[in-house]
Amino acid sequence: MQTLEPQSNQILQKSYTREDWQGGYESLKQEDDYWIDEIEGEIPLELQGTLFRNGPGLLDINGQRLHHPFDGDGMISRITITNGRAHFRNRFVETEGYLAEKKAGKILYRGVFGTQKPGGWLANAFNFKIKHIANTNVIYWGNKLLALWEAAEPYLLNPHTLETLGNEYFNGVLSTGEAFSAHPRIDPNGTLVNFAIQPGLSTTITIFELNTNGEIISKQNHSVPGFCFIHDFVITENYCIFFQNPVQFNPLPFALGIASAGQCIKVQKNQPTKIIVIPRQNSPVAENGVKVVETKAGFIFHHVNAFEVSNEIVIDSICYESLTEVEPNSDYRQTNFEANAPGKLWRFNVNLSDNQVQSQLIDNRACEFPTIQPERVGKPYRYLYAAAAHHPTGNAPLQAIVKFDLESDKREIWSAAPRGFTGEPIFIPRPNSQQEDDGWVISVIYNAEHHRSDVVILDASDFQKGAVAKLHLKHHIPYGLHGSFTPETFI
């Protein structure tokens, strides 16, 4: 079995400056609504629909900086593409916490990743109310636009105006405060599958399945031993698969107001990662029950895909040697990339007959935010796309988009370096396409030269063409997290 290898010591000229990268971590306080007039190239006429993006729009509250960007209030960006034109609109998710802090003009809540209320530990001790920031993902499903954050229920938005309409409870299937993760998977059969984590000494994993009307048609709970820090999962035709990272949670510093909840999570480097395989409800293998197998996987935030081959499940994931911890007095804008291990693409083969796992490093390049052709979710596939570092080795900010051909082992890369920084790519199939890579890859790029963001469209079948179109916004969008595309258009 292979394990994660130490980072290469190869010294390459930096593809970026820290000052350029830092520019993407400034708040965007205005809400805009305009047609994008400055476009390089041409938007393909076949490309019709709406790209929704979510991420922290505020990195400070009235000048008081947040300790970590993941604590920032969610801001939805909507890029509608129709008839060769594009329209931009953005709006904050008006959560209870966002509105309260906007009115007060100061930080009122503790954040998961290190933001504390002013006043030291005394002001934070035994204060367990964490602000619902709705900042991680946004999906349009069952005629509902949902802003997602994995620790609570979704917020329902108007897709035309982005107005916040309130919380979504799916006709009472969700209860108040019940989690609904920010990483749903859409089965090509037309089912959306999602999960929730209720951590503790033992952890409850809840699995939801929704039909195309946005109704929860299946909900099952499973208890697993130990504390779980799980951000993402994968599905196959018959299974949901979770990686239980080897971490431990000490609640005492959080309760005493000394540290945030996220800072109380520590990696146990000598412990294995557990792969939890749960049969989907009503699948032919449901009677087999839950299986747990162990592997030395490091730390995983995001998976690419999974599929079944005979008695095996194949899982592709972005793996790190360890979790980079957020120190109480650190400044994320001063991140030393070279000192941190990068995420790399790995494959895990889980044999369900003998409960053995084989793992293999697929590529050495630092990468994150993988995406694939939607019809290949849960099935064997050939191509994947990811945000990546400009250089093939070492760690650095994401400045490129890489295409992996898992069949030929070929790599194609489009880079925005030295002054561009990439976000999550999204694959959009061409209408009536017959080939897996026939479509476009679209991503929001921070352009440090002009302190603005560009929406870049690539031909997914041929990166050598360069950008098919670059849509220049009038401003920047702070580095985002996740998003989705729908063929529906909203103006």
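The legends below describe views of a predicted model.

**View 1. Overall fold of the chain.** The chain holds 4 helices and 35 strands (DSSP runs, H or I of at least four residues for helices and E of at least two for strands, numbered from the N terminus). Its C-alpha trace spans about 60 × 60 × 55 Å along the principal axes.

View 2. Asn-395 sits in the loop between strand S27 (383-388) and strand S28 (400-405). This residue is buried, at a relative accessible area of 13% (buried means under 20%, with a 1.4 Å probe and protein chains only). The Asn-395 side chain reaches two backbone oxygens: that of Phe-337 at 3.1 Å and that of Asn-340 at 3.1 Å.

View 3. Buried residues make up 58% of the 491 residues. Of the contacts with a separation of 6 or more, 61% join residues 24 or more positions apart (contact means heavy atoms within 4.5 Å).

**View 4. Surface of the chain.** The accessible surface comes to about 20400 Å², and carbon and sulfur atoms hold 47% of this area (Shrake-Rupley method, 1.4 Å probe).

Residues are numbered from 1 along each chain as its sequence is written, and side-chain values use heavy atoms, without hydrogens and water. Local features need pLDDT of at least 70 and side-chain atom pairs 80 or more, while totals for chains, interfaces and linings use all residues.

Notes
Buried means under 20% relative accessible area, exposed over 50%, partly exposed in between (1.4 Å probe, protein chains only). A polar contact is a pair of N or O atoms within 3.5 Å; within protein, one must be able to donate a hydrogen and the other to accept it, and residues adjacent in sequence count only if both atoms are side-chain atoms.
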